[in-house]
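Work through the exercises below with the structure open beside you. Try each task before you read its solution.

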Amino acid sequence: MSNVTVLDGGFATQLSVHVGKSIDGDPLWSARFNATDPNAVFKTHLDFLEAGAEAIMTNTYQASIEGYVEYLHLDEDTSLSLIKSTVRVAQMARNHYLAKVSGAERTSIPLLVAS
């Protein structure tokens with residue numbers, strides 16, 4: 001018998017709650033907010049953890065060096081650093097969540113960050 005892990009889903013839809021607008025139609029989709037509003041990305045990760053997710057995924061679905069260069073006019077090194085930073089944002093959200101819940105509320109499954 002295999003274990004089931006609850007994963008976050010619908011990141012862009014939930015992110016739109018924090019950024020106050022629809023993300024549909026943006027060529028970078030939710031990945032734009034890694035640069036323009038990382039706090040909204042952090043809050044979105046927290047939303048999923050608070051809803052019971054046992055694993056959260058970095059906000060990199062539409063993130064690419066090429067996309068950041070073309071649409072945000074970042075250089076390649078900055079674009080790569082931005083993509084790497086998504087792991088730190090997700091880890092910070094996980095650590096923040098774990099710090100605020102009591103031991104009884106914590107799941108026995110470690111909260112994972114997937115990229």
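Predicted model: local features only at pLDDT ≥ 70, side-chain atom pairs only at ≥ 80, totals over all residues.

Residues are numbered from 1 along each chain as its sequence is written, and side-chain values use heavy atoms, with hydrogens and water left out.

**Exercise 1. Describe how helix α3 packs against helix α5.**

Step 1. Recall what to report. Two packed helices are described by the angle between their axes and the distance between the axes.

Step 2. Find the helices. Helices (H or I, at least four residues) and strands (E, at least two) are DSSP runs, numbered from the N terminus. Helix α3 covers residues 38-50, and helix α5 covers residues 76-100.

Step 3. Take the axes. They are lines fitted to C-alpha atoms, for helices over the stretch in contact, and angles run from 0 to 180 degrees between N-to-C directions. The axes of α3 and α5 come within 9 Å and cross at roughly 50°.

Step 4. Classify the angle. Under 35 degrees counts as roughly parallel, over 145 as roughly antiparallel, 65 to 115 as roughly perpendicular, and the rest as oblique. α3 and α5 are therefore oblique to each other.

Step 5. A crossing is left-handed if the near helix is turned anticlockwise from the far one by less than a right angle, and right-handed if clockwise. α3 and α5 cross in the right-handed sense.

Step 6. List the contacts (heavy atoms within 4.5 Å). From α3 come Pro38, Val41, Phe42, His45, Leu46, Leu49 and Glu50. They meet Val89, Ala90, Met92, Ala93, Arg94, His96, Tyr97 and Lys100 of α5.

Step 7. Sort these residues. Ala, Val, Leu, Ile, Met, Phe, Trp, Tyr, Cys and Pro count as nonpolar, Asp, Glu, Lys and Arg as charged, and the others, Gly among them, as polar. The contact of α3 with α5 has 10 nonpolar, two polar and three charged residues.

**Exercise 2. Do the analysis for α1 and α3.**

Step 1. Their axes come within 9 Å and cross at roughly 120°. The two helices are therefore oblique to each other.

Step 2. The crossing of α1 and α3 is right-handed.

Step 3. In α1, the residues in contact are Phe11, Gln14, Leu15, His18 and Val19. Their partners in α3 are Ala40, Val41, Lys43, Thr44, His45, Asp47 and Phe48.

Step 4. This contact of α1 with α3 splits into six nonpolar, four polar and two charged residues.

**Exercise 3. How many aromatic pairs does the structure hold?**

Step 1. Apply the rule. Rings of Phe, Tyr and Trp (its six-membered ring) pair if their centres lie within 6.5 Å; planes under 30 degrees apart count as stacked, over 60 as edge-to-face and the rest as tilted. There are two such pairs.

Step 2. Take Phe11 and Phe48. Their ring centres are 6.2 Å apart and their planes lie at 20°, so the pair is stacked. Phe11 sits in helix α1 (residues 11-19) and Phe48 in helix α3, so the pair ties together parts 37 residues apart in sequence.

Step 3. Check accessibility. Buried means under 20% relative accessible area, exposed over 50%, partly exposed in between (1.4 Å probe, protein chains only). Phe11 is buried at 12%, and Phe48 is buried at 14%.

Step 4. Take Trp29 and Tyr61. Their ring centres are 5.1 Å apart and their planes lie at 65°, so the pair is edge-to-face. Trp29 lies in the loop between α1 and α2 (33-36) and Tyr61 in the loop between β1 (55-57) and α4 (65-72), so the pair ties together parts 32 residues apart in sequence.

Step 5. Check these two as well. Trp29 is partly exposed at 29%, whereas Tyr61 is exposed at 63%.

**Exercise 4. What is phi of Trp29 and of His73?**

Step 1. Phi of Trp29 is near 50°, a positive value in a residue other than glycine.

Step 2. Phi of His73 is near 60°, again positive in a residue other than glycine.
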